[in-house]
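Let's take a walk through this model together, stopping at a few spots along the chain. Have the structure open and follow along as we go.

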Amino acid sequence: MSSKFKILAFIVLSITVVSFAAAQNFDKQAAERLIRRIVPTRAQQFTVAAIPAEDGKDVFEIQSDNGRIVLRGNSAVSIASALNWYLKYYCYVQRSWCGDQMDLPAKLPVVSPKVRRVTPYAKRSYLNYCTFNYSMSWWNWERWEQEIDWMAMHGINMPLAVTGQEAVWQNTLRRFGMSDAEIRAFLVGPAYQAWQWMTNIESIYGPLPQQWINRSIMLGRKILERERELGMTPILQGFTGYVPVALKKRQPQADIIEKPIWFYVGGPTAQLNPMDPLFSKMTTAFIEEQTKLFGTNHIYAADPFHEGQPPVNGDDYLTAVGKKIYEATTAADPEAIIAMQTWSMRKPIVEAIPADRIIMLDLNSQKWKGSQAFWGRPWLAGIIHNFGGNTAMGGDLNEVLQRFPRLLNDKSETRDLSGIGMFPEAIEHNPVIYEAASEMAWYSRSPDTKEWLYGYLRARYGRLENTVQNAWDLLLQTVYSQQARVETFRESAICARPALTVYGASPNGSLNSQKNYHFATLWSALKLMTAAGEATKRTDTYKYDMVDVTRQCLADLAIPLQANMGNAYRNNKRDSFDFYSRQFLDLMDDFDRLLGTRKEFLLGKWLSDARSIGVTTAEKDLYEKNARGLITIWGPYDSSAMQYDYSARQWNGLVRTFYKPRWEKFIKMLNTEFRKQPEQRYREVNVLNRYRRPRNNANDFYKMISQWESDWVTHPGIITQARPSGNEVRTVQELYNKWYPVALALYR
């Protein structure tokens, strides 16, 4: 054997030994505990074993051995992913946000030949700051435990982890002279913390109770402990110079500049000049206090000037900001790496940080195109899909299955692509989209869309009947078609602030359109779904999907009904106006009842979960106000508000107590106008803001309605049902029989 060959052999052997040692160091017991949580009655039939990573990438294997299922991997996340693969493709079961179907076969299926999957993506990230509020504001440890298991089973190894940040800020600001009362007044209410950590707001819907801060410490520690024991590398928060406006009084020597108000929400915020000596001191204090509370994995999210303008103009300032953030962070933690969202990125800041000490998170895989793939920095391609927790069905499934493999295999353009991510503003909807996006962690080439979908459905329902397959073929041609974007903007007139002409409910959204798909075709899909066999109809996953399709059909139907109502008023047709307005309100009643059959669509659950966290009545009322505000008017009342109806959620209780009363007030006002001469009647003149939605102060009606909306938020009322009621299958069939003829007549 030549000396060169001996050296090469030694290097290969050394790498193998190190890789295998690393694999053996993963927490085997953590993986076994996860298996017991997922399949408690069958856990003893699974065996966990360690194997080395392949070229530094995660790997898993599945194999039968003497009647047991052997799950091998180089990490607990790989083992969990192997379990999920086996459950889906061999047992035909599924755990999801929207129903579970865990009817395991009496005898676990044999795996032959051995399955081996290697991920081409070293990093798989998850969560947007917004998710922590639009979906997770009121989660307890039980719900978080389920989500972390879901993350592991879907290959996530780099989640954002910001639960407990309020305690980090409290401990940090104490060191710079602020009292607890001042700090809690600076901290926003619990439903708005995402935007505080993104440096957009301060103080609104607070002051934050100490009880909440203490709870967040315990919850944050549990979350991080579980994520770390499963082998994940959480992204924690970094410091970028955002500080309380009140700090100017405590640190008068510091260069602290007030920034403009963000989207007319609350008051101004403040930015500490990174060149000021206080910046480095606060960075060190922040990271020290965070590490004391929560430890560190040395990755810090830092996104200066998110959705806002820097307080100083010019690239020189931005370069200095990037350099100082890097220097101050690495001085506090020499192993620090900056994770930066690309939503509002600025080239001078990015280039001021060394390429090996930054990771760019491209939330919707769009920013790499105009930046030469982030000027040579490693980056993660992502999907964002949902904004604000809107409940529309949809997303381009074909693109979701193709995006990551396409970018992976185009290195001439994408350069340092080092991972993928899912960055939704909200979750617990459209499970097919997230199953598809997360499973692509284990593909280097795109699967056939229909073949992948049928595999998903077989696991989701435990079987795949022809009628259900045909129904989903139609869904693939409509709500999940290539005519759509990955992101969903398909709103209904139900959720929109009332107007004669409705363009959309949320600031950046728009009403669903026949350009996206033929509304009548969706009713055909629903008819096929209602023809499923009894075994399928008994599954919780099927019930959710059937209700969701019906919800989308009725949400779409509301659009022409409202348009007909508006046209009837404009054309002075009182009888037609009465007919369509009654029909529109009747639809909302049935819509609310349909949504009440599923826990996923309950305002009452959202509110009761919020109140359950409070100890005193004052705390409970504050948390409920936060819960109500976030999903309706968004921020405190402002005559120039822009964010109202951002979430546009189609929820039971929200339709009945918020959306429908708004429309009733509008219809009542229009009915009084019919008594006037035509030339004196109400007209929509100069009422819309830049998002083509009625302004708070547009006229007397909108001044009244915006104040009514604010009162709905700030005066806690009777909580609507917190648990589902009614039979999903019977309710869907009843509403199909009632409203399909109406839809058929309209769509003809």
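Start at Pro113, which sits in the loop between strand S5 (100-101) and strand S6 (115-118). Look at the peptide bond that joins Ser112 to Pro113: this bond is cis, with omega at about 5°. Keep in mind throughout that this is a predicted model, and everything below is read from its coordinates.

There's another cis peptide bond to look at, from Gly206 to Pro207, where omega is near -5°. Pro207 is also a loop residue, placed between H8 and H9.

While we're in this part of the chain, have a look at H8 itself. This helix covers residues 193-197, and Ala194 is part of it. Is Ala194 buried or exposed? Its relative accessibility is 2%, so Ala194 counts as buried, the limit being under 20%. Leaving aside residues up to four places away in sequence, Ala194 touches Tyr129, Cys130 and Asn133. Thr163 is 31 residues from Ala194 in sequence, and the two C-alpha atoms are 9.8 Å apart in space.

Next, go to helix H6 (residues 165-174). Nine of its ten residues are buried, so H6 is largely enclosed by the rest of the structure. The buried ones are Gln165, Glu166, Ala167, Val168, Trp169, Gln170, Asn171, Thr172 and Leu173. What do they pack against? On the helical side of the list you'll find helix H7 (180-186), H8, helix H9 (210-229) and helix H11 (277-294). Strand S9 (236-237) and strand S10 (242-243) also pack against the buried residues of H6.

Cys130 came up as a contact of Ala194, which brings us to the cysteines. How many disulfides does a search of the whole structure find? The count is zero. Take Cys98: the closest cysteine sulfur belongs to Cys495 and is 17 Å away, which is too far for a bond, given that a disulfide needs the two sulfurs within 2.5 Å. Cys130 isn't in a disulfide either, and its nearest cysteine sulfur, again that of Cys495, is 19 Å away. Both residues are tucked away from the surface: Cys98 counts as buried because its relative accessibility is 0%, and Cys130 counts as buried at 4%.

The crossing is right-handed. On the H15 side, the contact is made by Leu397, Val400, Leu401 and Phe404, and these meet Val432, Ile433, Ala436 and Ala437 of H17. Sorted by class, this contact has eight nonpolar residues, with no polar and no charged ones.

Asn430 lies in the loop between strand S17 (417-422) and H17. Asn430 has a positive phi of about 40°, although it isn't a glycine. This residue counts as buried because its relative accessibility is 1%.

Now for another helix pair, H18 (residues 449-461) and H19 (residues 466-477). Here the axes come within 11 Å and cross at roughly 130°. This makes H18 oblique to H19, and the crossing is right-handed. From H18, the residues in contact are Thr449, Lys450, Leu453, Tyr454, Leu457 and Tyr461; from H19 they are Val468, Gln469, Trp472, Asp473 and Leu476. By class, that gives seven nonpolar, two polar and two charged residues.

Ala648 is in the loop between helix H25 (617-630) and H26. Like Asn430, Ala648 has a positive phi without being a glycine, in this case about 45°. Ala648 is buried too, with a relative accessible area of 4%. With a relative accessible area of 9%, Asn689 is buried. Residues up to four places away in sequence aside, Asn689 touches Ala641, Met642, Tyr644 and Arg695.

Methods. Residues numbered from 1 in each chain as written. Predicted model: local features only at pLDDT ≥ 70, side-chain atom pairs only at ≥ 80, totals over all residues. Heavy atoms only, no water. Axes fitted to C-alpha atoms, helices over the stretch in contact; angles between N-to-C directions. Helix = DSSP H or I, 4+ residues; strand = E, 2+ residues; numbered from the N terminus. Parallel < 35°, antiparallel > 145°, perpendicular 65-115°, else oblique. Left-handed = near helix turned anticlockwise from the far one by under 90°. Contact = heavy atoms within 4.5 Å. Nonpolar A, V, L, I, M, F, W, Y, C, P; charged D, E, K, R; others polar. Buried < 20%, exposed > 50% of the residue type's maximum accessible area, 1.4 Å probe, protein only.
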